[in-house]
Amino acid sequence: MSSPTEFTAFTDIAKRVNNWGRWGPDDEIGTLNLITDEVVREAAAAVRSGRRVPLALPLRQDGVQTGMMPGRVNPLHTMVQINQEIFGPGTVACSDDVVTMGLQAATHWDALPHVSHSGRIYNGRPADTITPHGGATFAGIDKARHIVSRGVLLDIPRALGRSDDRLPGDHAVIPEDLDAAEELAGTRVRAGDIVLVRTGQIRTYLAGDKHAYAFPSPGLSLRAPEWFHARDVAAVANDTLTFEIFPPEIEGLWLPVHALHLVEMGMPQGQNWNLEELSTACGQLGRYDFLLSAMPEPFVGATGTPVAPVALL
């Protein structure tokens, strides 16, 4: 288990990054408030070539989930009618599908109530406001009606000069790494931006080994949230299963970055984003900012949602 000193380090950071009440006691979208009309207008100027890069993994039954998270099942796609003339013989025939899946099974956003700690979710609301039938009645993903802003790719392996273009499984991404990637990007991360942190870990899944993709995995360090808080970042996503380094950098302190981002800061975070094509495109164009459209599916009361993000360069 983590020592009292290590837990104190977590609580000290939590106090420094806490946004409860910043946008009022009833606020349900947290740092997405930082994406103003002006921010979006400026983000549109990042579209120069018109090149579009999709960032989502395919939704498939043999997806990234390994069973580590109970109930988070990969997509099961079923046909419920095939070429059926539902209005009578000779009429137009219809084919229809249904899908059963965990909303966080593949490329997704975590909503603010996805995790709680000390009995609380974002803005100090009780965690028991999440119910079996109503789901997240406060700050569910349906409250995040649109997520469009300037995106900035922080390509950590490239910034650190990794010859294999990926981080090792025990690498915790610290603020100094983010500084190096920001310097490589040639633009300062600013208020309202959505930051995409590339580790290269998803290459393991794309090569066919989803178990090695899940564990061990590089990811964000406990120290990273203060960097995002200082920049007033609106949201962060990366190319790993667990987002933060896994197993945790402090033994027994599980998902502390989730708790800091979602609960304390009210900042959405995304996982399983495929940043490989984007990394190539940004390297070719010599710039790492773009207009990012990452619209959440408005599942009422959900604690997460599938997303099919697109970077427009």
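These legends describe close-up views of one predicted model. Residues are numbered from 1 along each chain as its sequence is written, and side-chain values use heavy atoms, with hydrogens and water left out.

**View 1. Tryptophan 109 and tryptophan 273 form an edge-to-face aromatic pair.** Five aromatic pairs are found in a search of the whole structure. Rings of Phe, Tyr and Trp (its six-membered ring) pair if their centres lie within 6.5 Å; planes under 30 degrees apart are stacked, over 60 edge-to-face, and the rest tilted. In this pair the centres are 5.0 Å apart and the planes make 70 degrees. Tryptophan 109 lies in strand β4 (residues 108-110) and tryptophan 273 in the loop between β12 (269-271) and α9 (276-285), so the pair ties together parts 164 residues apart in sequence. Helices (H or I, at least four residues) and strands (E, at least two) are DSSP runs, numbered from the N terminus. Both tryptophan 109 and tryptophan 273 are buried. Buried means under 20% relative accessible area, exposed over 50%, and partly exposed in between (1.4 Å probe, protein chains only).

**View 2. Tryptophan 227 pairs with phenylalanine 228.** The geometry is edge-to-face: 5.6 Å centre to centre, with 85 degrees between the planes. Tryptophan 227 and phenylalanine 228 are buried. The charged end of arginine 231 sits over the ring of tryptophan 227, 4.1 Å from its centre. The criterion is NZ of Lys or CZ of Arg within 6 Å of the ring centre and within 35 degrees of the ring normal.

**View 3. Phe215, Phe246 and Trp254 form one aromatic cluster.**

**View 4. The largest cavity has a volume of about 70 Å³.** Two cavities of 30 Å³ or more turn up in a search of the whole structure. On a 1 Å grid over the protein atoms alone, a cavity is a set of points where a 1.4 Å probe fits but cannot get out; lining residues have an atom within 4 Å of a point. Points are joined across faces, edges and corners, and a volume is the space filled by probe spheres set on them. Lining residues of the largest cavity include Glu28, Ile29, Leu32, Ala111, Lys143 and Pro268. By class, this lining has eight nonpolar residues, one polar and two charged. Ala, Val, Leu, Ile, Met, Phe, Trp, Tyr, Cys and Pro count as nonpolar, Asp, Glu, Lys and Arg as charged, and the others, Gly among them, as polar.

**View 5. Glutamate 28 and lysine 143 meet in a salt bridge.** The N to O distance is 2.7 Å. A salt bridge is a side-chain nitrogen of Lys or Arg within 4 Å of a carboxyl oxygen of Asp or Glu. The pair links distant parts of the chain: glutamate 28 in the loop between α1 and α2, lysine 143 in the loop between β6 (135-136) and β7 (148-155), 115 residues apart. Glutamate 28 is partly exposed at 23% relative accessible area, and lysine 143 is partly exposed at 26%. Glutamate 28 and lysine 143 are also among the residues that line the largest cavity.

**View 6. Aspartate 232 forms a salt bridge with arginine 22.** The closest N and O atoms are 3.0 Å apart. Aspartate 232 is in the loop between α7 (224-231) and β11 (235-238), and arginine 22 in the loop between α1 (4-17) and α2 (37-44), 210 residues apart. Arginine 22 is partly exposed, at 39% relative accessibility. The whole structure has 19 salt bridges.

**View 7. Asp155, Arg158, Asp165, Arg198, Arg203 and Glu276 are linked in a network of salt bridges.** Aspartate 155 is in strand β7. Its relative accessibility is 0%, and aspartate 155 counts as buried.

**View 8. Helix α8 (residues 256-265) is largely enclosed by the rest of the structure, because 10 of its 10 residues are buried.** Among them are His258, His261 and Glu264. Glycine 266 follows α8 and has a positive phi, near 70 degrees.

Key. This is a predicted model: local features need pLDDT of at least 70, side-chain atom pairs count only at pLDDT 80 or more; totals for chains, interfaces and linings use all residues. On a 1 Å grid over the protein atoms alone, a cavity is a set of points where a 1.4 Å probe fits but cannot get out, and a pocket is an open set with protein on both sides within 12 Å along at least five of seven lines; lining residues have an atom within 4 Å of a point.
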